[in-house]
Number of protein chains: 2
Amino acid sequence: MSDEDFSKGTAYVRGAFVPVDKASISPLDWAFTRSDVVYDVVHVSNGAFFRLVDHLDRFERSMRARRMKPAESREQIEQILHRCVAMSHLKDAYVAMVTLRGRPRIAGSRRPSDCENHFLAYAIAWVDIVPKEVKERGVRLWIASVPRVSDRAVDPTVKNYQWNDLTSGLMEAHDREFDTAVLCDEDGFVTEGPGFNVFIVKEGKVSTPDRGSLQGITRRSVLEFCKELGYEASIAPILRGAIEAADEIFLTSTAGGIVPVVRVNQTILGNDRPGMVFEKISELYWRNHRESAYRTDVNYAT
Amino acid sequence: MSDEDFSKGTAYVRGAFVPVDKASISPLDWAFTRSDVVYDVVHVSNGAFFRLVDHLDRFERSMRARRMKPAESREQIEQILHRCVAMSHLKDAYVAMVTLRGRPRIAGSRRPSDCENHFLAYAIAWVDIVPKEVKERGVRLWIASVPRVSDRAVDPTVKNYQWNDLTSGLMEAHDREFDTAVLCDEDGFVTEGPGFNVFIVKEGKVSTPDRGSLQGITRRSVLEFCKELGYEASIAPILRGAIEAADEIFLTSTAGGIVPVVRVNQTILGNDRPGMVFEKISELYWRNHRESAYRTDVNYAT
């Protein structure tokens with residue numbers, strides 16, 4: 001063992017494990033200069049990955065969609081993720097896997113296919129999409145005026161770092177003392193927010209947008225739990241008006257789990273308190289972390 | 001002087017000058033994980049920056065639009081650019097200035113306003129948007145099927161690294177043995193390509209798109225030269241059909257200057273040879289590099 005300090009997290013980059021604060025990439029990598037990069041995030045809860053297989057599947061799909069192939073195999077990537085968590089002795093962690101386009105092997109080439117793709121990963125202590133106290137009192141959600149980038153221009157199901165529109169929405173929200181924002185597309189349909197999917201509940205029926213959104217793994221869990229709990233749930237077009245008229249709203253994210261919304265713009269939902277459907281689904285979500293087949297125990301001996 | 005090798009280029013990062021291959025950023029910087037970053041590129045030709053003031057002006061506008069402010073003043077940034085070029089003894093260079101969002105000062109914050117913005121710059125040998133031999137024979141341009149991200153979602157006049165749609169267009173072009181691509185917006189209007197503005201000439205009249213595009217400095221130069229040469233020139237909506245029916249097409253970019261197009265999809269322009277308007281404007285462009293008030297001599301003594 002080296003005498004380096006891995007307590008803040010561990011990264012794997014260019015084939016080596018380093019303390020996360022020492023991880024670096026080149027500012028000339030196309031992953032930076034063209035945001036030509038795909039990633040995924042899985043979380044570790046109480047010593048186990050949650051739905052690791054699903055995250056690896058999605059990560060592979062994202063790489064294929066952008067024609068990227070790093071040197072590491074899926075099995076190696078899985079081992080690397082375990083080791084990043086293990087080296088930092090994290091029991092609850094945010095674990096990122098990232099494939100970067102790299103730089104061209106041929107000087108002066110402008111062709112993505114000439115680039116040497118490479119893989120990086122890191123595990124850090126669990127991070128939430130909103131601070132803990134906001135999660136407890138419930139999120140105040142702003143419906144941004146900036147539209148979400150269209151699905152035809154950038155496929156939102158391929159997890160990417162192109163957050164410019166989401167960041168603009170977030171700045172709008174913060175300017176107005178809201179916690180975060182949800183974006184609509186140019187046709188007025190609700191999409192997603194910075195790092196999360198959105199769900200609405202109306203007269204006991206649960207729905208989540210069919211467009212402009214990542215196919216979140218937590219979103220998928222919620223859809224499954226709805227079935228288990230007997231709620232009718234659907235992936236459907238949701239107009240801006242429907243979110244303003246919802247009985248309940250909640251957000252889903254790997255980083256943060258399920259987060260209740262108590263206000264949307266000037267509307268106060270359910271007496272400014274998290275709703276009942278949220279409570280039931282959230283309870284089931286965390287119960288699944290303890291019991292279910294979705295757990296992959298971290299190999300701390302690695 | 002250190003004994004490090006600056007011959008491949010020099011970068012300024014975290015307050016220090018380093019060989020460009022040693023420059024690094026954190027993969028946890030929001031400039032990477034949210035592509036929350038603005039940049040500009042100026043070129044050095046024969047020992048002088050070209051239109052440096054205009055590039056610095058635009059860079060400042062981009063930073064303001066994204067509410068970023070690094071520690072370095074405009075004057076310091078200018079000195080840093082000189083020094084990056086001087087340390088590598090470059091006479092013809094591609095010089096990038098980049099402001100990164102950074103990471104939040106407060107652990108766990110998701111607010112852009114909590115981040116410590118920082119500045120980086122680098123000078124490397126001149127790079128072209130297309131290889132030299134392609135520039136000489138003329139570009140074969142593909143009109144991509146993927147649409148450009150809308151101006152309302154992401155302001156294209158704020159120079160950014162979010163190239164996903166442009167990269168998709170580039171891959172389409174390469175699959176079909178074209179050199180590069182131009183994208184149309186979802187309404188069918190021509191916008192720009194990966195790293196360049198586009199101009200068309202029809203019956204002696206020159207025009208360039210009014211939307212979906214960076215307000216390029218080379219584009220501005222060309223508009224000025226058109227006036228000087230007596231061509232009617234305009235910034236106007238250009239439908240896809242108009243580019244296919246053009247007499248001449250050329251591309252403009254800081255990295256590459258003015259580049260002629262000889263084919264667009266299956267259409268061959270002007271006998272597969274660069275056109276006359278291109279030749280005249282290009283000649284004037286390079287003449288200006290030698291003579292004009294646009295030159296800022298690099299301070300190699302710095």
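**Starting at the interface**

How many salt bridges are counted between chain A and chain B? The count is six, where a salt bridge puts a side-chain nitrogen of Lys or Arg within 4 Å of a carboxyl oxygen of Asp or Glu. Take A:Asp175 and B:Arg67: they form a salt bridge, and their closest N and O atoms sit 2.7 Å apart.

**Before you read on**

This is a predicted model, where local features need pLDDT of at least 70, side-chain atom pairs count only at pLDDT 80 or more, and totals for chains, interfaces and linings use all residues. Residues are numbered from 1 along each chain as its sequence is written, chains are lettered from A in the order in which they are written, and side-chain values use heavy atoms, leaving out hydrogens and water.

**How the two chains meet**

The size of an interface is often given as the accessible area lost when the parts come together. Here, chain A and chain B bury about 4,800 Å² between them, with 56% of it on carbon and sulfur atoms; that is accessible area (1.4 Å probe) lost on being put together, summed over both. On chain A's side, A:Phe32, A:Arg110 and A:Asn164 supply 15% of the area buried against chain B, more than any other three residues.

Each partner brings residues to the contact: 51 from chain A and 51 from chain B (contact means heavy atoms within 4.5 Å).

**A look inside the core**

The largest nonpolar core has 102 residues. Such a core is a set of buried Ala, Val, Leu, Ile, Met, Phe, Trp, Tyr and Cys residues joined through side-chain atoms within 4.5 Å, and buried means under 20% relative accessible area (1.4 Å probe, protein chains only). Among the residues with the most contacts inside this core are A:Tyr122 and B:Ile249. Leaving aside neighbours within four places in sequence, B:Ile249 is in contact with residues including B:Leu141, B:Phe199 and B:Val264.

A:Ala11 belongs to strand β1 (residues 10-13) of chain A; strands are DSSP runs (E, at least two residues), numbered from the N terminus. A:Ala11 is buried, at a relative accessible area of 0%. Beyond four places in sequence, the contacts of A:Ala11 include A:Phe17, A:Cys84 and A:Tyr122.

A:Ser253, in strand β12 (residues 248-253) of chain A, is buried too, at 5%. The side chain of A:Ser253 reaches the backbone oxygen of A:Gly195 at 3.0 Å. A polar atom of that side chain also lies 3.1 Å from the backbone nitrogen of A:Ala255.

Technical notes
Helix = DSSP H or I, 4+ residues; strand = E, 2+ residues; numbered from the N terminus. Buried < 20%, exposed > 50% of the residue type's maximum accessible area, 1.4 Å probe, protein only. Buried area = accessible area lost by both parts, 1.4 Å probe. Polar contact = N/O pair within 3.5 Å; in protein donor to acceptor, adjacent residues only side chain to side chain.
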